[in-house]
Each structure stands twice: as C-alpha cells, then as structure tokens.
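Please open the structure in a viewer and keep the sequence at hand.

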Amino acid sequence: MKLGVITLQNAPWPELVDRWRRLEELGVETIWVADHLGNWRHPGQPWFEAWSCITALAHLTTRPRIGPLVSPMTLRNPAVLARTALTVAELSGGRLELGVGSGGAAYDHELTQVPKWEPKERAALFADWVARLVALLADDRLQPKAPVPLTIAGRGPTVLRLAARHAARWNTFGGVGLTPEEGLKRGREDVGRLDELCAETGRTVLRSALIGYPFVAETPWRSDDAFDDFAGRWQDAGFEELVVYYPPETGMPGGTVSPGVFERAFAAQPPGPRRRASPADAGS
C-alpha cells in the first residue's frame, strides 16, 4: 500500500515550510495541497493559494512528488491550468502530479460567482473541461513539455469514465459523514466499476483514497495495530494508495492520535522515485 500526504494551507508560512521539510525527511512520496479559496469548514481561517504553495514546494523539497488534490473546474481555466502545470513540472524536475476535480465547494462558488451547477450539468461540463485540459497538456505550442501525470478525483459515472480514459490515478474521498464500513462499501463498488471501465479502455489506473474527517471516519493513528488494520481493509477493498492529512491530528477526532504511529507508518514505506534534474539545478 502506497501512502501520500495532504497538508492544508491554514498555518503560518514558516510552519508550513517546516511541515513540508519534515515530510520529506520522513520519506513521504507525494505531498499534496488543497486547491480552494479558503477552508470551507472554517472560512475565517488564514489560507494560502494552492499553486503558490506548490511552486514553493518545488523549491523547498527535492524528492517528493507534489501537486493539488485537487484543482477544481470551478477555479481553473483549462488553458491557464495546463500552462501552470507544465511550468511547475519543469521547475520541479518532473515531480508534479496534477489532480483535478469538478469542484462543488459552496465557498468557492460564492467567492468566484461561478454558477452552482446541478449534478448532471456539472458532470457534462467536467467531461468537456477534462478533454480540453488533456489536449492542451499535449499541445506542442505549450513548451517546455515535462510529463504531467493526471489524477481525476470524485465519484459517479462520469468521473469514473474519465479516469479510465485519461488518468494515471483515480482518487476518492468517499463522501461526507461516512462510517468506515460505509466508506469501504462505496469504495469497493467504485473500484469494481472502474475495473470494468479500464478493461474497456485497456488502461491501468492507480486506485487512491483521501482519508480524513469529515469524510470517512477512520482513526488509523490510535495505534500501530489500528493503522495496520486500516491499511489492510482498504487494500482488500481494491485500493493501492491512501492519502492522509498532516499533521496527523488534522481530520481526526480528539484523542485518537498516539505519538509515533504516523512516523512509523511512513518509515515502513519503500523509497519513492528519484526526480530528474531541474533547470534550477543547473544554475545552482
């Protein structure tokens, strides 16, 4: 089972920098940030813009893969996003993972004044948006051209079809307010449908789940045994990667984090892929 980490940009900047460097020291393979205009659960919190953070991550770290989980259609024109992603892929030495989704956070819709689409309309718009983004990432007019693996996140028939056709990774948060049993049931059903779609497209897509409150109420950091049980259950459901929050207290109910469990889980991970040299290296 692969492990990744997402950090929320709601801490003072020096603290965020310390967190990212600590995660690299732990050997974390992929560090994600959230792409919203603020914390939708706590709108009054300070918040840093996602792609500014990802650019900083490209310079502050040397090994982890980095990216947004996810950049939503609500905020990002596909041409601007493609240009941004290709730029960060190059300056990071090819370490970018591009996560995208259809959006839906009411806070983002309110600030951008983008219409709050009905589900069917949102799905249709997202299908066209993803097709345009994929075409632009391959467009020879957009240079430099470092590889940009695509993660498509969400649930539902349209998302799963798009993942089977275009994505290197599919990610789901399962839903809101789910028990572990409910989250696993939904996840197992979605993986089964994705398997069917990938059989049609002939492609292999990594199955990934974002775990944390207020989504699926797992508590993996109570003990080493709790983490092993947690990882084993999701692996049995067909998932190959779990993305968890850092610090581990984020998204966990009070009193469910035991010291050292998070660090030991990541210490057991095999080394991640090496990056290629970036243009910044040549000038340093």
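How much space lies in the largest pocket? In this predicted model, the largest pocket holds about 1,100 Å³ of space. To find its centre, select His 36, Val 70, Gly 103, Phe 173 and Phe 215, which are the closest to it of the 47 lining residues.

**The lining of the pocket**

Next, colour the helices α4 (106–112), α5 (119–137) and α6 (157–166), each of which supplies at least two residues of the lining of the largest pocket. The largest share, 4 residues, comes from α5. Colouring the lining by class will show 22 nonpolar, 19 polar and 6 charged residues.

**The whole chain**

Of the 284 residues, 52% count as buried. Among the contacts with a separation of 6 or more, 77% are made by residues 24 or more positions apart.

**Asn 171**

Select Asn 171, which is placed in strand β7 (residues 169–172). Is Asn 171 buried or exposed? The residue has a relative accessible area of 3%; because this is under the 20% cut-off, Asn 171 counts as buried. Display the side chain of Ser 208 as well: a polar contact of 2.9 Å links it to the side chain of Asn 171. Ser 208 is one of the residues that Asn 171 touches beyond four places in sequence; others include Leu 69, Thr 151, Ala 209 and Val 243. For a distance to check in the viewer, the C-alpha atoms of Asn 171 and Val 159 are separated by 9.9 Å, with the two residues 12 apart along the chain.

**Glu 218**

Finally, move to Glu 218, in the loop between β8 (206–210) and α8 (224–236). Glu 218 is buried, with a relative accessible area of 3%. Which side chain is joined to that of Glu 218 by a polar contact of 2.8 Å? The partner is Arg 233. A polar contact of 2.9 Å joins the Glu 218 side chain to that of Trp 234.

Definitions and conventions. Residues are numbered from 1 along each chain as its sequence is written. This is a predicted model: local features need pLDDT of at least 70, side-chain atom pairs count only at pLDDT 80 or more; totals for chains, interfaces and linings use all residues. Side-chain values use heavy atoms; hydrogens and water are left out. Buried means under 20% relative accessible area, exposed over 50%, partly exposed in between (1.4 Å probe, protein chains only). A polar contact is a pair of N or O atoms within 3.5 Å; within protein, one must be able to donate a hydrogen and the other to accept it, and residues adjacent in sequence count only if both atoms are side-chain atoms. On a 1 Å grid over the protein atoms alone, a cavity is a set of points where a 1.4 Å probe fits but cannot get out, and a pocket is an open set with protein on both sides within 12 Å along at least five of seven lines; lining residues have an atom within 4 Å of a point. Grid points are joined across faces, edges and corners, and a volume is the space filled by probe spheres set on the points. Ala, Val, Leu, Ile, Met, Phe, Trp, Tyr, Cys and Pro count as nonpolar, Asp, Glu, Lys and Arg as charged, and the others, Gly among them, as polar. Contact means heavy atoms within 4.5 Å.
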